[in-house]
Amino acid sequence: MNSIEAIEIDRLERQIQLDSEKSHAERNRQGQFATPPGLAAEIVRASLKMLTSEESIRFLDPAFGTGSFYSALLKWLTIDRLARAQGFEIDEHYGRDASSLWKSTPLQLTIANFFELPIPLTNEERSNLLVCNPPYIRHHHFSQESKEKLQRLIGKYLGLKLNGLAGLYCYFLLHAHNWLADGGLACWLVPSEFMDVNYGREVKKYLREQVTLLRLHRFDIHDVQFDDALVSSVVIWFKKSPPQENSSVDFTFGGSLSSPTKTTVIPRSALNPNSKWSKLDSSTFTDDGPSTGTTLSDLFQIKRGLATGANSFFILTPEEAARYQIPAEFLRPILPSPRYVDGDEILADESGNPILEKKLFLLDCKLSETHVKQNFAGLWAYLEMGKQKGIHAGYICTHRSPWYSQENRPPAPLLCTYMGRSDTKVARAFRFLLNHSQACAANVYLMLYPQPFLLKAIDKNPELLRRLWDALNSIPVERLIHSGRSYGGGLHKLEPKELAQASADLLMHLLPPERRQDSQSELFDPSAEGS
Ligand SMILES: C[S@@+](CC[C@H](N)C(=O)[O-])C[C@H]1O[C@@H](n2cnc3c(N)ncnc32)[C@H](O)[C@@H]1O
C-alpha cells in the first residue's frame, strides 16, 4: 500500500467519525455530505482526460471537506504534475482533520468562508483545474442579508442577478469563475434541479454564454448517488474560455461517467436558458436521424432560386443597367453568387436592396414586345441585342411568355447555399443565410419560405426568425450531406426535395406548442397565440 492509499483509508474512517459527531439536520443545513470515494475517483479521472497530458496542474476544491477529490487526484496523478493544490473549508470540524491528514502532501488548505476570501488577481494565482461538490444549502437556510451580499458579489463580477430562490451551490459555481485561470477546466457535482427551474436561469445563461460548456452528465434519478442527501445530481464540465458559435455539448445520462447509458450531442444554440435542459436529452435529440419525424418541409416551402435562362444577359450591374437605359421598374435586386456574400446575414438599405459590395439586378418585364418597343427605347434595344445573340431561343426562354419575363420568386427570408466543399478551410458545405433584403436569388440558392403557421408566428415575434436561422445553421453538416448527394473532391449538392426531407428536430423547441409533441416552447406565449 502506498502512502496516498493509507491516507485515503484514514480519511474515510475520519469522515465517518466526523459525520457522526453532527446531527443529520445540522449537516443538512451546512451542506455537509461527502462525495462517495468511488464517484469522486470517477469524476476526477474523467476530468483529467479533458486536460492535455503534459499540463501541470494548479488544483482547487473550494468546498474541501476532508478532500475526497484531492485524494482522487493524487490517486490518478503523478505528484510532479501537481504544481499547486488549494482547498477552502468553512468548518473547522472537517478542516482541522483534513489539514492534519494531508500535511505530508502539497495541499494548502485554508479554513475560511469561500465568499470572504480575497479574489486572486493574476492568471498564475488562479487554478486550471477546479473540482467541487459545493454545499447544497437551500436558500431558506441562509439569511436575507447574506443572500443580498452574495447576489451583489455575483452581479459585480459576472453581471448576473441570481434569483432569491437559488441554492448556495449556484453562488459557488458562479463565484468560482474568479478563481479559474483562462482556459482552465471546472467540474461541478451539483443537484440537477437548476436545469429545470426558474432560479437556474442565470446559471444556464452563464454556462451558455460565458464559458465553453463541454459536457453534462445526469445521473439516473433511481440511482441515487448520495445515501443521505436524496437529490438527483449532475456533473458539469466547462472551460473558462469564450464559447464557440457552432459548438455542441455532450449530454450524457445514466450508467457511469465512463459508460453512460445515453449520449446526445446538443448544439449550443439549442441551449436556451429559459427552457428545461433535462428535456434536451429526451427523444427530441437523437444521434440517428429524425426522431420526431418532422422535416424541414413541415416548416418551410423550399424552392430552388430562379433559372434566368442566361445569367449574363438577364443579370446586370447598375452600370450596365444605366448604360443600356433599362428603366428601374424592370429591375429587381438579385443576390450575387454566395462567394460574394461574406457574412450569413444580408442587410438591406431603405429601398430593400441588399447591402453587399457586388450589386446586381435582374431584368424582369411582363410587358409585350409591342408595348416595350413603343415606350422603352433603351430596353427594346437591349432585347434586340439579346435576340441577335439567340438568347430568346434558349430552352427556358422559349417556355415563358414573353421570353424576357421571369418566374415568380418572391424574396425569401432564409436561403441555403447548397453547394460547397466540406474540405475547404471554411468547412461548411451548406450555409443558411438570413435575408432582410427584397432581393430574389438565382438557382445557386435554395429559398426557404416559412409555412403559413410559422409566418404568423414570426409576425407576432420577429425574433423567432433569427432563432430559426441559428438553429438551421446548427444542423450538423453530416446530416445535410446525408440528405444530399456527394460528388468527388468533397463537393456536396442539395436538391430542394432533399433539404425538405432533412430532420427538423433541432428546430422543434422553437415551434408553437401545438406543433410540437413535447417540451415547452421558448418563444411562444400561449396566451398571445390568438385563435
Ligand atoms: C458537499 S460537501 C463536499 C465536501 C468534499 N469536497 C467532498 O466532495 O466530499 C461541501 C463542503 O463545503 C463546506 N462549505 C460550506 N459552505 C462553505 C463556504 N462558504 N466556504 C467554504 N466551504 C464551505 C461544507 O462545510 C462541506 O464540508
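Predicted model: local features only at pLDDT ≥ 70, side-chain atom pairs only at ≥ 80, totals over all residues.
User: OK, which residues come nearest to the ligand?
Analyst: There are 24 residues around the ligand, and Thr 35, Ala 63, Ser 68, Glu 89 and Asn 113 come nearest.

User: And how does that shell divide into nonpolar, polar and charged?
Analyst: It has 13 nonpolar residues, eight polar and three charged.

User: Which side chain has an N or O atom 2.7 Å from a ligand oxygen?
Analyst: That's Ser 68. On the nitrogen side, the side chain of Asn 113 puts an N or O atom 2.9 Å from a ligand nitrogen. Ile 90 uses its backbone instead, with a polar atom 3.2 Å from a nitrogen of the ligand.

User: How much of the ligand's accessible area does the protein cover?
Analyst: On its own the ligand has 590 Å² of accessible area, and the protein covers 96% of that.

User: Where does the ligand sit, then?
Analyst: In the largest pocket.

User: Is Cys 397 buried or exposed?
Analyst: Cys 397 counts as buried because its relative accessibility is 2%, under the 20% cut-off. Cys 416 is buried too, at 0%.

How values were computed: Residues numbered from 1 in each chain as written. Heavy atoms only, no water. Near = heavy atom within 4 Å. Polar contact = N/O pair within 3.5 Å; in protein donor to acceptor, adjacent residues only side chain to side chain. Areas by Shrake-Rupley, 256 points an atom, 1.4 Å probe, with all protein chains shown as cover. 1 Å grid on protein atoms, 1.4 Å probe; cavity = no way out; pocket = protein on both sides within 12 Å on 5 of 7 lines; lining within 4 Å. Sits in = over half its atoms within 2 Å of the grid points. Nonpolar A, V, L, I, M, F, W, Y, C, P; charged D, E, K, R; others polar. Buried < 20%, exposed > 50% of the residue type's maximum accessible area, 1.4 Å probe, protein only.
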